[in-house]
Amino acid sequence: MPSHGADHVGALICLLVGAVLFCVGLLKRNVTEMAVTNKRVIVKTGLAERRTTEILLSRIESVVVDEPAIGRILGYGTVIVRGTGGTPEVFEKIYRPLEFREQVQRQIAGETKSS
């Protein structure tokens, strides 16, 4: 029969692992910058190693949003931007992916965001 001390240590380890995973996810979200201008879509990811992707609006063929069930509840999803003649750019676990797609579509259509 295990002691109560071992149960507490096991619970503490599970709590610490969960907290670390949560903090890693939060950090990844906070170091990702996304912008939609009247000429291009810009996505910067990474903290120590930075990756910047720029896609001209005139070269975008489609913007696909994939939201899992839990993503719909928590407000995140994967955005796939397909450009002409290029490989699709996949941006995983993006906050408010439908809003991002809408902003890209507005800029492509030549509209400005109304306040």
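I60 stands opposite G83 in strand β5. Strands here are DSSP runs of E with at least two residues, and helices are runs of H or I with at least four, numbered from the N terminus. This is a predicted model, in which local features need pLDDT of at least 70, side-chain atom pairs count only at pLDDT 80 or more, and totals for chains, interfaces and linings use all residues. Residues are numbered from 1 along each chain as its sequence is written, and side-chain values use heavy atoms, with hydrogens and water left out.

I60 belongs to β4, which covers 60-66. Three strands make an open sheet, ordered β4-β5-β6, with antiparallel pairing. Two strands count as paired if DSSP finds at least two bridges between them. β4 and β6 are the edge strands, each pairing on one side only. Neighbouring strands are turned by 20° against each other on average, direction ignored. Axes are lines fitted to C-alpha atoms, for helices over the stretch in contact; angles run from 0 to 180 degrees between N-to-C directions.

| Strand pair | Bridges | Sense |
|---|---|---|
| β4 and β5 | six bridges | antiparallel |
| β5 and β6 | five bridges | antiparallel |

Strands of a sheet pair through backbone hydrogen bonds. In β6, E89 is the bridge partner of V81. The hairpin of β5 and β6 has five residues between the strands, and G85 there takes a positive phi near 70°.

**Helix and core**

Helix α3 (residues 97-109) packs on the sheet and touches β4, β5 and β6. Its direction makes about 165° with that of β4. Contact means heavy atoms within 4.5 Å.

The largest nonpolar core has 13 residues. Such a core is a set of buried Ala, Val, Leu, Ile, Met, Phe, Trp, Tyr and Cys residues joined through side-chain atoms within 4.5 Å. V41, I60, V79, V81 and V104 have the most contacts inside this core. β4 gives the largest share, three residues. Beyond its neighbours within four places in sequence, V104 contacts V36, V41, L57, I60 and V63.

Key:
Buried < 20%, exposed > 50% of the residue type's maximum accessible area, 1.4 Å probe, protein only.
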